[in-house]
Amino acid sequence: MAGILGRKVQAKLAEALSKRSHFSKEEVERLLTMYNALTAGGNRLDRNKFRDVLHNTFDMTDDILMDRVFRAFDKDMDSFLSQDEWVLGLSVFLRGTLEERVAYCFDVYDMNSDGYISREEMFQMLKNSMVKQTTEEDPDEGIKDIVELVLKKMDHDHDNRLSMDDFMKSVKEEDLLLEAFGPCLPDTKFREKFLADLESGNVDIDISQAKS
């Protein structure tokens, strides 16, 4: 009886979430089944399990950005992802409109959640992603130069920081700027594979253990 009741509740939740996301009801049901596997039937997905999903399924490796992605999904900031946050976050992550993806990337890059991407935040994220690729002993000066170039191109209201409006305008002019401060959306190859498996029902139940 409890099993039947649980399935009815999940089906009702899937119906509701399909109306608020870019997933069909069947796809939401599969995502909820994954969620249940990841949480062992609980209702709280923790940061470490989510990072395993990002790494093993979408080949993301940057610790700082994976942490920021988690925070962008975690709308109520309780350090866990609910079923709603899991499905609605993946909806933007995998199938978001341009406006949704801009808002999501801005959220990832706005490290102190004050509504702006500051010089310091740009420097920190660029340094984090570029230090691994450079052979320079002190790359800080080069990174500072890049920050200035980015501000010159993207800071439309000239206040030495990027607002959501600045970011949106810049990305609409040049879509490559969407991930200007580091990769926080899935690579096309991994996104398409996951979506194809999701549509067909051929997706790993415990995707934290899946290998790309």
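Tutor: Buried means under 20% relative accessible area, exposed over 50%, and partly exposed in between (1.4 Å probe, protein chains only). Helices (H or I, at least four residues) and strands (E, at least two) are DSSP runs, numbered from the N terminus. This is a predicted model, in which local features need pLDDT of at least 70, side-chain atom pairs count only at pLDDT 80 or more, and totals for chains, interfaces and linings use all residues. Residues are numbered from 1 along each chain as its sequence is written, and side-chain values use heavy atoms, with hydrogens and water left out.

Student: Which residues of helix H9 are buried?

Tutor: An α-helix has 3.6 residues a turn, so residues three or four places apart point the same way. In H9 (residues 164-173), the buried residues are Asp166, Phe167, Met168, Ser170 and Val171. Their cover includes helices H6 (98-109) and H8 (140-154), together with strands S3 (116-117) and S4 (162-163).

Student: What does Tyr104 contact, leaving aside its neighbours within four places in sequence?

Tutor: Contact means heavy atoms within 4.5 Å. On that basis, Tyr104 touches Val69, Ala72, Phe73, Val92, Phe93, Cys184 and Leu185.

Student: Where does Ser113 lie, and is this residue buried or exposed?

Tutor: Ser113 is in the loop between H6 and S3 and has a positive phi of about 55 degrees, although it is not a glycine. Ser113 counts as exposed because its relative accessibility is 51%.

Student: Where does Asn160 lie?

Tutor: Asn160 is in the loop between H8 and S4. Also not a glycine, Asn160 has a positive phi of about 65 degrees. Its relative accessibility is 45%, so Asn160 counts as partly exposed.
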